[in-house]
Amino acid sequence: MSAVLADMRETVAPATTKAIAPSKGGRPWTFYVLAALFALYVIALYGPMFCIYILSFQDIRGGLVFPMKGQSLHWFVDLFTQVRTGDVKGSFDRSIKLAVIVTIITVVVSFLAGLSFRKRFRGDTVVFYMMIGSLVAPGLVLGLGTGLLFQALGLNASWYTSALGAQLSWTLPFGVLVMFAVMSRFNHVWEEAAYDLGASRWQSIWLVMIPVLAPGLVAVALFGFTLSYDEFARSLQTAGSLNTLPLEIWSMTLNVTSPSLYALGTVTTIVSFIVIGASLGSIVLIQKKRGSGAKG
Amino acid sequence: MQPSQTPPHANLAGWLYVSPLVLVLVPFFVAPILVVLAASFFATDGFGGLTPDFTLASYIDVLHSALTLKLYLATIKFTVLTWIFTLIIGFFVAYFLVFHVRNQLLAIGLFLLCTVPFWTSNIIRMISWIPLLGKEGLINQALLAMGVIRQPLEVLLFSDLAVVIAYVHQLTIFMIVPIFNSMARIDKKLIEAAIDAGASRFDIMRLIVVPMCKSGIALGTIFVVSIVMGDFFVVKVMSGGGSASVVSAFYEDVGVLQYPTAAASAVLLTLVLVAIVSLILRTVDIRQEITR
């Protein structure tokens, strides 16, 4: 992410505008057509989501469609107090814990894998394609395989063992791909300078690479957390008897036809937005601090 | 550098750093795939019990069933439609952001605006179409009010149309990001040179932008195709049970404990996916593109 942004800053800024669309004066007609397309896309992207946020604040008469019937927090209370909707609180709790564990493992393992792929080594292609395979394989099939494997080994499937592994098989390839993009912009001169000044391998990683790559590592953490927090297909056969939040939502879509389903959507989206905001905010903060440090 | 020329210590360091990744992928990707492969050759008692046996019965069942062909045709239909729409929308959204937005901060902001929903729940984004597309939903209400239709359209929700809408809604981002990434890397001097040489804007798009975005398009295609072909919950929920895909049939098989049949169909699907992905990979060196 941040790598893409950095890329933008370097290349797009000065020259783009000159060529295809003039940077001053009248815009070509294509600008207006594409701007309209873009606006429609963004409306279609966010519009439906905002509909369910609004509808989740209806009162007890509320239904699944507009018009809005009253305003209250009834369905939010309903969500966390009714047994009929299932164990929302417990699954919420488990999903957050699981996402934190997945995030930590994803950041550490992706960073190390990123280090290894900077140079060729024997068998690197095999590892690379294993990773791509893990990314594109149908999640439900992998989940079933993992479930059957645990069964065959006589292990109990649970959210913190089999589901954790199944989710890592999804978050790690994303994490490593983001790490590739981040690492490809790392200037090796800094690392060599550290070695020349007598740093050990460990010191050069801890004192030079990690601070320089910090925004990229935050991006990897964002991917790890949100992909785990929303993961569904791979967890379905591996979570054991206790549900994670997306599994809870899935069972609700099949049997709950009240706005409490929308209320759950609002609650989980708020959590996602807090995580996204915190990650992007800290990336901006790091960049800003760096900018002022360089000037001063 | 060829692996054969790699000094031994580089191999050692490489494997040391990559070993945690391998330690996760072997038990949670390689082993499950092998388990499914093994299960596809096993016999079943019909109650979820598996007998270690070597029989092709499940494959024969799957290949002889008329349902299989129907499922694959439905899956391919969804995949192709979704691919076309995500590609067109994704390409032009990226094109707009890279070549038409003059202020770079604004371009970054708009790009982020497109990516934010990617980090929220897919299931929630899918069900959020219900208040819009439903029989009493906003679209029907609006069309009725305008007098375009007399009776609410039932084809909007719980239909193939709804399935494709949900896919395009979720997956366009997978096209935008890689295409945007390759577009942002195009050297702008190249385009200036083309303009100086008298190329029209359409020529520039056809002869420079599209060819140079090939890797981005290929990456986006891999994501979209593999996700649609591996999906089951969008098909199940948005079609209201009316349509099925290969994986949603797999899900039903697992539900009634028909593990070998499910496994055989999963192995076939995986082979099809591998064939498609390797075809795409032949046109572009994905690793080179990513690590560049």
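# Exercises on helix packing and chain contact

In chain B, B:Val246, B:Val247, B:Ala249, B:Phe250, B:Asp253 and B:Val254 of helix H13(B) meet B:Tyr259, B:Thr261, B:Ala262, B:Ser265, B:Ala266 and B:Leu269 of helix H14(B). Two residues are in contact if their C-beta atoms, placed from the backbone, lie within 7 Å. Helices (H or I, at least four residues) and strands (E, at least two) are DSSP runs, numbered from the N terminus.

This is a predicted model, in which local features need pLDDT of at least 70 and side-chain atom pairs count only at pLDDT 80 or more, while totals for chains, interfaces and linings use all residues. Residues are numbered from 1 along each chain as its sequence is written, and chains are lettered from A and ligands numbered from 1 in the order in which they are written.

**Exercise 1.** Describe how H13(B) and H14(B) pack, giving the angle and the distance between their axes.

*Solution.* Axes are lines fitted to C-alpha atoms, for helices over the stretch in contact, and angles run from 0 to 180 degrees between N-to-C directions. H13 (residues 246-255) and H14 (residues 259-283) of chain B pack at about 160 degrees, with axes 8 Å apart. H13(B) is therefore roughly antiparallel to H14(B), where angles under 35 degrees count as roughly parallel, over 145 as roughly antiparallel, 65 to 115 as roughly perpendicular and the rest as oblique. By class, this contact has 9 nonpolar, 2 polar and 1 charged residues. Here Ala, Val, Leu, Ile, Met, Phe, Trp, Tyr, Cys and Pro count as nonpolar, Asp, Glu, Lys and Arg as charged, and the others, Gly among them, as polar.

**Exercise 2.** State how H1(B) is oriented against H14(B), and which residues meet.

*Solution.* Helix H1 (residues 8-39) of chain B packs against H14(B) at an angle of about 120 degrees, with the axes 7 Å apart. H1(B) is therefore oblique to H14(B). From H1(B), B:Val36, B:Leu37 and B:Ala39 meet B:Tyr259, B:Pro260, B:Ala263, B:Ala266 and B:Val267 of H14(B). The residues of this contact divide into 8 nonpolar, no polar and no charged.

**Exercise 3.** Locate B:Phe158 and decide whether B:Phe158 is buried or exposed.

*Solution.* B:Phe158 lies in the loop between helix H7 (138-146) and helix H8 (160-184) of chain B. Phi of B:Phe158 is near 55 degrees, a positive value in a residue other than glycine. B:Phe158 has 20 other C-beta atoms within 10 Å and is therefore buried. A residue is buried if 20 or more other C-beta atoms lie within 10 Å of its own, exposed if 12 or fewer, and partly exposed in between, with C-beta atoms placed from the backbone.

**Exercise 4.** Report the make-up of chain A and of the side that touches chain B.

*Solution.* Chain A has 12 helices and 0 strands. Buried residues make up 46% of the 296 residues in chain A. The contact between the chains takes 86 residues from chain A and 86 residues from chain B. Helix H2 (residues 29-55) of chain A gives the most to the side of chain A that touches chain B, with 14 residues. That side divides into 59 nonpolar, 19 polar and 8 charged residues.

**Exercise 5.** Identify where confidence in chain A is lowest and highest.

*Solution.* pLDDT is the predictor's confidence in each residue, from 0 to 100. Chain A averages 84, and 89% of the residues score at least 70. Confidence is lowest in helix H1 (residues 2-19) of chain A, at a mean of 46, and highest in helix H4 (residues 88-116) of chain A, at 93. Where pLDDT is low, the predicted coordinates should not be read in detail. For the complex, the predictor gives an ipTM of 0.86 and a pTM of 0.87.
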